[in-house]
Structures are given as C-alpha cells and as structure tokens.
Amino acid sequence: MATRIRLQRHGRKSYAFYSIVIADSRAPRDGKFIEKIGTYNPNTNPATVDLNFDAALAWVLKGAQPSDTVRNILSREGVYMKKHLLGGVAKGAFGEAEADAKFEAWKNNKQSGLAALKAKEDETKKAEAKARLDAEKKINEAKAKALAEKKAAEEAAKVAAEAPAEEAAPAEEAPATEAAAE
C-alpha cells in the first residue's frame, strides 16, 4: 500500500484550513485516512502549523510521499533536516548526539531569523503608523489655519459692516441738528 502525506480540507467557503493526514494514495482528498499528524491554517499571517514532529518523521522514514504543499511544510518545520541528519548517523558520518546538536543549532538559527523578521515587520508597522499620525497632524493644522483665517475674515467683515453704519448714523443726525438750528 502506497501512503501519502496530504492535506484534508476543512472550514467554510473562502476560509479553508487543513488537517495534515497520512492516507492511502488511492483515497480521495477528504476521504478515509490512516492517521492525523497535524493542522495547517493558511489564513493567519504567518501561516499556523501544528505538527506532531515525531509522527511526521516516522512516516517520512517509512517512505510516505508528501504532496508538494506538505513537503514545503515539513521542510519548514525541520522534518527533512532531521531525516537528512539521521541518514548521516546511519552511514556513520557522525554520532546521534552531534546530529541532535546540529538540528538544535539549525532550529535556533531559524527561530532567531523569524524573530528578526517579526521585529522588522513590527518596526515597519510602527513607522507607518507614525507617518500616518504626522500626516494627520499636518492636515489638522492646515484645517485649523484655514478655519482661523475664515473666522478672521468673518470678524473683519463684521467690523467693516458695523463701522459704516456708525459713520452713517452721525451724518444723518447732523442735518437734523442744522435744521433745528435754523
């Protein structure tokens, strides 16, 4: 029986998530399977993988053939790196302890790279937020300046409208006083 490591689809329309399963190569995608070894959720950023590492390694060592996507997932999780190192142990190139040390070094290097990438992404988000805030402050300052100019213009127009009315009132009174003097 040829076994495959493949994805089994779950979830609603346009929001799929997958189980990583061991299945007979003749079984349909969402059909009968032998063992579930993990889950894969591509909807998160970065994609979330929950994998039973030991079971995946055991099945890969038994000869189960993964699909392309699952091969990428297993490679990213280090299953193929561990298989490669165990092959070196079997050939006598180095001991099991040295293989474990190399695997841990690889895993730590990968984790530090991911942490650096996440830190860079967080820094980029902070810079973008600061840029948006600065742009919003400039816009608000421009609006406040325009509003102040508008209020000043309205005040000046109001003062100008009141001034001629005051000048016109004494001029009308003057002829009246002249008429009273006559």
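From the N terminus on, the elements of this protein run β-β-β-β-α-β-α-α-α. That makes 4 helices and 5 strands, where helices (H or I, at least four residues) and strands (E, at least two) are DSSP runs numbered from the N terminus.

Two notes before you start clicking. This is a predicted model, in which local features need pLDDT of at least 70, side-chain atom pairs count only at pLDDT 80 or more, and totals for chains, interfaces and linings use all residues. Residues are numbered from 1 along each chain as its sequence is written, and side-chain values use heavy atoms, with hydrogens and water left out.

**Stop 1: the whole protein**

Show the surface. The protein exposes about 13000 Å², and carbon and sulfur atoms supply 55% of that; the areas come from the Shrake-Rupley method with a 1.4 Å probe, and for residues only the protein chains shown count as cover. Of the 182 residues, 21% count as buried. Here buried means under 20% relative accessible area, exposed means over 50%, and partly exposed lies in between (1.4 Å probe, protein chains only).

**Stop 2: the sheet**

Switch to a cartoon and select the strands. You will find an open sheet of 5 strands in the order E4-E3-E2-E1-E5, with mixed pairing; two strands pair if DSSP finds at least two bridges between them. Which strands stand at the edges? They are E4 and E5 (65-66), and each has a single partner strand, so one side of each is left without a neighbour in the sheet.

Now select helix H2. H2 packs on the sheet and touches E1, E2, E3, E4 and E5, while its direction makes about 100° with that of E1. Contact means heavy atoms within 4.5 Å. For the angle, axes are lines fitted to C-alpha atoms, for helices over the stretch in contact, and angles run from 0 to 180 degrees between N-to-C directions.

**Stop 3: walking across the strands**

Start with E1 and E2, which pair in the antiparallel sense over 10 bridges. Select arginine 4 and look across to alanine 23 in E2, which stands opposite. Arginine 6 has valine 21 of E2 as its bridge partner. Where these two strands form a hairpin, 2 residues lie between them, and serine 14 takes a positive phi near 65°.

Step over to E3. E2 and E3 run antiparallel and are joined by 5 bridges; serine 19 stands opposite threonine 39 in E3. E3 then pairs with E4, again antiparallel, over 4 bridges, and glycine 38 has leucine 51 of E4 as its bridge partner. E3 and E4 form a hairpin with 6 residues between them.

Now go to the other side of E1. In what sense do E1 and E5 pair? They pair in the parallel sense, over 2 bridges. Isoleucine 5 has proline 66 of E5 as its bridge partner.

As you look along the strands, remember that in a regular strand the side chains alternate between the two faces of the sheet.

**Stop 4: the nonpolar core**

Select Ile5, Ile20, Ile37, Leu51, Leu74 and Val79. Of the 18 residues in the largest nonpolar core, these touch the most other members. Such a core is a set of buried Ala, Val, Leu, Ile, Met, Phe, Trp, Tyr and Cys residues joined through side-chain atoms within 4.5 Å. Strands E1 (3-12), E2 (15-24), E3 (35-41) and E4 (48-51), along with helices H1 (53-62) and H2 (68-77), each supply at least two residues of this core. Which element gives the most? H1 does, with 5 residues.

Centre the view on isoleucine 5. Leaving aside neighbours within four places in sequence, its contacts include Ile20, Ile37, Trp59, Val70 and Leu74.

**Stop 5: salt bridges**

Finally, show the charged side chains. The count comes to 7 salt bridges, each one a side-chain nitrogen of Lys or Arg within 4 Å of a carboxyl oxygen of Asp or Glu.

- Aspartate 24 and arginine 26 meet at 2.8 Å, N to O. Is aspartate 24 buried or exposed? Aspartate 24 is buried at 16% relative accessible area, whereas arginine 26 is exposed at 67%.
- Aspartate 30 and arginine 29 meet at 2.9 Å, N to O. Aspartate 30 is partly exposed at 41%, and arginine 29 is partly exposed at 48%.
- Arginine 71 and aspartate 68 have their closest N and O atoms 3.0 Å apart. Being 3 residues apart in H2, they are separated by about one helical turn. Arginine 71 is partly exposed at 35%, and aspartate 68 is exposed at 56%.
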